[in-house]
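Please keep the sequence and the coordinates at hand while reading.

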Amino acid sequence: MKLPPIIIVGAADHGQVVAEAVEAAAAGKLLGFVDDGLAPGTKLAQGQVLGCTDALPELILKHPGAGLVIAIGDNPARRRCAEKIRALCPGVAFPPVVHPSALVSPSATLDEGAVILAGALVGAGSVVGAFSLINTRASLDHHAMLGDFASLAPAATTGGRVIIGAGTAIGLGAGILQGRTIGTDAVVGAMSLVYHDIPDRTVAFGVPAQPREERKPGKPYLSAPSSRRGISGAAETADRTTGATEPPKVVIIGAGGHGKEIAWNIRQMNAVSPSYEILGYCDDEKTAGEIVLGAPVLGTLEQVAHTYGSNLLYICGVAKNKVRPALVARAEKAGWTPTSVIHPSAVIAEDVQIGPGTYIAAGCYVGPGARLAPHALVNVIASVGHDVTLEEHTQICPGVKLSGGSKIGRGTFIGSNSVVAPGVEVGEWSTLSAATFAAADIPPRTLVTSPVSQHLTKPGKE
Ligand SMILES: CC(C)(COP(=O)(O)OP(=O)(O)OC[C@H]1O[C@@H](n2cnc3c(N)ncnc32)[C@H](O)[C@@H]1OP(=O)(O)O)[C@@H](O)C(=O)NCCC(=O)NCCS
């Protein structure tokens with residue numbers, strides 16, 4: 001098989017299997033991986049991570065003529081990834097990859113991005129759709145059609161003239177009798193036998209397979225319940241060569257501006273050492289499936305909890321102090337655990353106490369003896385002096401300077417570039433507008449405004 005130099009998108013388990021197929025088919029063609037959850041330079045058995053998906057345009061310029069192979073096992077996630085890359089790198093090639101031990105009929109058609117793994121069989125006259133996946137030892141028999149972004153799991157078998165719609169996943173070892181039609185975005189459970197046609201967006205399983213429910217968007221039907229993976233294409237496994245463990249999955253609450261900042265900060269942390277796998281965002285307003293800075297919106301908090309369960313870390317990515325406690329309460333109800341995100345450039349004294357759910361942005365300083373209660377938010381280049389206390393849900397905006405020993409009450413907002421004098425107490429739920437100087441204690445629930453700049457009209461001078 002002729003292959004151009006290849007970059008594999010997705011360095012998780014499936015990416016590594018696909019990498020071996022590329023190497024087996026055309027040794028030396030693998031340039032490396034891109035992955036949104038692993039730091040550039042991370043080494044895997046088959047090569048190293050070259051960057052994240054946003055770096056692809058640059059990587060393609062660096063390796064003209066390189067082709068991409070999307071190696072994400074989850075069909076909807078693979079589709080989203082392809083759409084993103086098509087927008088980022090128009091015209092880039094997605095050559096089909098066929099493991100040399102697969103038997104593919106010369107009269108079969110393989111569309112772009114298709115991946116056919118070891119020991120698979122593709123019969124005469126079959127059509128293998130774009131970005132579809134025929135996994136290890138699966139068989140698509142003669143004149144059958146596998147739709148775009150559809151998949152046959154290992155050892156799944158179809159009879160002749162079967163039609164499988166786009167986005168549909170056929171589970172491990174499932175069998176589909178000849179001539180049957182399975183609709184689009186359906187799921188056939190492992191070891192099922194499809195005797196009757198299966199409609200679109202239906203989850204069916206059993207022998208014979210019975211429709212059980214409508215397919216839920218965002219639910220990863222191919223993973224075992226105990227080990228359900230993220231759908232972002234982020235790493236499932238950290239560097240296996242060094243034996244490092246899997247970074248824990250984190251959900252960002254809110255996919256707006258602050259949520260996006262948190263995602264970027266996590267990437268910065270991962271670039272230093274793998275810290276979190278971003279599972280995605282939960283958001284009450286955005287549409288599930290939307291990609292925000294390389295990570296997907298998964299649904300509302302409750303939908304994400306229903307799909308992924310309670311064993312998740314989260315950080316609140318909504319900056320508005322008023323709404324954060326309610327979001328945290330919802331996350332706690334779901335059984336999630338708060339976790340902190342701290343930019344690697346922050347300078348933090350060794351005895352600082354940092355509560356879970358805290359965010360400390362790039363360029364901050366936090367002095368000795370400071371105590372940051374859970375869910376404090378300290379924005380870029382803020383300075384938190386020695387022995388300062390930040391209570392829960394405080395928000396310290398960019399450039400703020402909190403002098404030594406000051407105390408900032410629960411839910412208080414300190415606007416950009418404000419200064420709080422040494423030892424001053426700012427009462428709970430107060431708001432200091434930008435550029436305020438708090439020279440003396442401020443009672444709870446007080447709004448303090450700084451002098452607003454004025455345009456002074458003076459007779460002009462040369
Ligand atoms: C069919 C499937 C999608 C259902 O997933 P789900 O909606 O999360 O269902 P659950 O795991 O909650 O199981 C619900 C019930 O259906 C049963 N069930 C699930 N999958 C089944 C299957 N394939 N055959 C028979 N029964 C099945 C379970 O035993 C469970 O029964 P219980 O409530 O009596 O314990 C999933 O089980 C499956 O088979 N996925 C394919 C896995 C696969 O092939 N992966 C490929 C990896 S490359």
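Domain bounds are taken here from an automatic or database domain assignment. On that basis the centres of domain 2 and domain 4, taken over C-alpha atoms, are separated by 56 Å. The division comprises domain 1 (6–88), domain 2 (105–214), domain 3 (247–338) and domain 4 (340–448). Residues are numbered from 1 along each chain as its sequence is written. The model is predicted: local features need pLDDT of at least 70 and side-chain atom pairs count only at pLDDT 80 or more, whereas totals for chains, interfaces and linings use all residues.

The C-alpha trace of the protein spans about 85 × 55 × 50 Å along its principal axes. Helices (H or I, at least four residues) and strands (E, at least two) are DSSP runs, numbered from the N terminus; the protein has 6 helices and 48 strands. A residue is called buried if 20 or more other C-beta atoms lie within 10 Å of its own, exposed if 12 or fewer do, and partly exposed in between, with C-beta atoms placed from the backbone. Of the 462 residues in the protein, 49% are buried. Two residues are in contact if their C-beta atoms, placed from the backbone, lie within 7 Å. Among contacts between residues at least 6 apart in sequence, 33% join residues at least 24 apart.

The ligand is the next feature to consider. A residue is near a molecule or strand if its C-beta atom, placed from the backbone, lies within 6 Å of it. The ligand is surrounded by 16 residues, and the closest are Ala153, Gly171, Leu172, Gly189 and Ala190. For the classes, Ala, Val, Leu, Ile, Met, Phe, Trp, Tyr, Cys and Pro count as nonpolar, Asp, Glu, Lys and Arg as charged, and the others, Gly among them, as polar. The shell around the ligand then holds 11 nonpolar, 5 polar and no charged residues.

Strands of a sheet pair through backbone hydrogen bonds, either parallel or antiparallel. Two strands are taken to pair if DSSP finds at least two bridges between them. Strand 27 runs antiparallel to strand 28 and is joined to it by 2 bridges, with Ile291 opposite Pro296. The hairpin of these two strands has 2 residues between them, and in it Leu293 takes a positive phi near 50°.

Strand 28 (residues 295–299) also pairs with strand 26 (residues 277–282), in the parallel sense over 2 bridges; here Tyr281 stands opposite Val297. Because 5 of the 5 residues of strand 28 are buried, this strand is largely enclosed by the rest of the structure. Strand 26 is likewise largely enclosed, because 6 of its 6 residues are buried. Strand 26 pairs in the parallel sense with strand 25 over 5 bridges, and Val250 stands opposite Ile278 in strand 26.

Another open sheet has 7 strands in the order 31-34-37-40-43-46-48, with parallel pairing. Strand 31 (341–342) and strand 48 (447–448) are its edge strands, each pairing on one side only. Strand 48 pairs in the parallel sense with strand 46 (residues 431–432) over 2 bridges, where Thr431 stands opposite Leu447.
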